[in-house]
Amino acid sequence: MAKVYFLDMRKRYKKNILEKFIDLLKTSRALDIVKKNDLCAVKLHIGEQGNVNFVGPQYVRLITQLIEDRGANTFLTDTTTLYAGRRYRGDLHIELAREHGFDFSPFIVADGLYGDDYVEVDDCKIARLFTQIDRLFVVSHFKGHLNCGFGGTIKNLGMGCASKGGKLAMHSRSKPTIDINTCNMCLRCFDYCLYQAIKKKKDHLEIDHGLCTGCGGCMSICPDRAIKFSWDAASEDIQKEIARYASAVIKNKKAFYINFLINISPNCDCFHSNEPMIAPDIGILGSFDPVALDQACYDFIKEPIDKLHPELDPQVQLHYAEKFGAGERKYEIKVI
Ligand code: SF4
Ligand code: SF4
């Protein structure tokens with residue numbers, strides 16, 4: 001049974017949270033996978049411009065310091081996005097990382113300037129960098145997600161380590177439609193869509209599903225929530241693909257995974273703005289097993305997650321991640 005180390009932030013401690021976070025890393029022996037001169041990547045999500053829910057640099061800095069203390073080399077990394085935003089292209093992503101305080105360690109875009117630098121692993125388009133490193137630390141913000149129910153480590157690995165082409169393939173069945181009764185014709189989505197998939201008709205807009213990549217960006221910027229996705233079958237497909245990609249990324253790799261169950265927002269950190277939280281802060285959890293880790297986090301906030309998207313089954317990603325060999329769903333909590 002996999003061990004999941006848990007720092008409960010609902011309690012009072014004599015030490016501050018950053019000191020307790022170091023305790024979590026030390027008690028779990030997370031750093032034992034690092035040897036002198038190793039090249040260690042810290043995979044994170046720096047948050048879209050305007051979002052403040054992402055895992056802050058104060059935590060990530062401690063991880064890089066502890067890696068460096070072992071005589072290893074480290075850097076921060078993430079991939080380019082499909083949707084139009086500040087992380088769409090490599091140079092813009094690096095600039096935003098600096099603006100969001102991730103300036104204490106090099107930030108390298110794993111799939112290159114245009115998101116097209118990848119290696120095929122088990123028929124998955126994985127950003128090349130993840131095939132070149134010795135060790136991996138994955139820092140994830142656990143929260144709601146519009147087509148997976150929740151997003152945690154499996155999502156951060158599967159979608160977050162894929163090149164643009166890989167992301168495109170995973171999203172291919174999730175296509176939005178515009179509710180013409182709700183749309184106010186502000187044209188924000190029309191101007192926004194990078195793929196020119198939104199077409200002007202006489203008195204309404206339509207999405208050309210032949211051009212649409214399913215990136216979901218238009219949905220996140222629509223002020224009237226007039227853009228809807230049909231998630232039922234698409235959600236199961238995308239979760240299965242994310243799990244398959246996640247397994248390919250960590251194949252034969254030594255890694256440690258950390259989920260932050262704080263700032264529990266209904267949507268992911270790709271959203272440009274903040275929304276009311278769906279649950280109070282719970283804490284920080286870490287494990288060598290990404291499946292056990294996500295399962296434990298989901299179990300903590302199952303009720304608000306299930307209420308958020310009753311039409312989805314977020315456990316599909318856990319089921320397939322286990323089936324594809326990424327880890328196991330059974331876990332044991334070790335309180336720090
Ligand atoms: S952003 Fe929303 S409200 Fe504005 S045109 Fe697009 S669908 Fe309509
Ligand atoms: S129409 Fe399709 S490709 Fe364009 S922003 Fe929306 S989801 Fe993305």
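I counted secondary structure to begin with: the protein has 11 helices and 16 strands, these being DSSP runs numbered from the N terminus (helices H or I, at least four residues; strands E, at least two). The radius of gyration comes out at 19 Å, close to the 20 Å of the globule rule for 336 residues, so the protein is as compact as a globular protein of that length. That radius is taken over C-alpha atoms, and the rule is 2.2 Å times the number of residues to the power 0.38.

A note on the model: it is predicted, with local features needing pLDDT of at least 70, side-chain atom pairs counting only at pLDDT 80 or more, and totals for chains, interfaces and linings using all residues. Residues are numbered from 1 along each chain as its sequence is written, while chains are lettered from A and ligands numbered from 1 in the order in which they are written.

Next I looked up ligand 1. It has 13 residues around it, and Cys-183, Cys-186, Arg-188, Cys-189 and Cys-222 come nearest (C-beta atom, placed from the backbone, within 6 Å).

Ligand 2 also has 13 residues around it, with Cys-193, Ala-197, Cys-212, Cys-215 and Cys-218 nearest.

Then I turned to helix α3, residues 90-99, where Gly-90, His-93, Ile-94 and Ala-97 are buried (20 or more other C-beta atoms, placed from the backbone, within 10 Å of the residue's own). These buried residues fall within an arc of 100 degrees down the axis, so they line one face of α3; the arc uses directions from the helix axis to the C-beta atoms. After α3 I found Gly-101, with a positive phi near 95 degrees.

Methods:
Buried ≥ 20, exposed ≤ 12 C-beta atoms within 10 Å, placed from the backbone.
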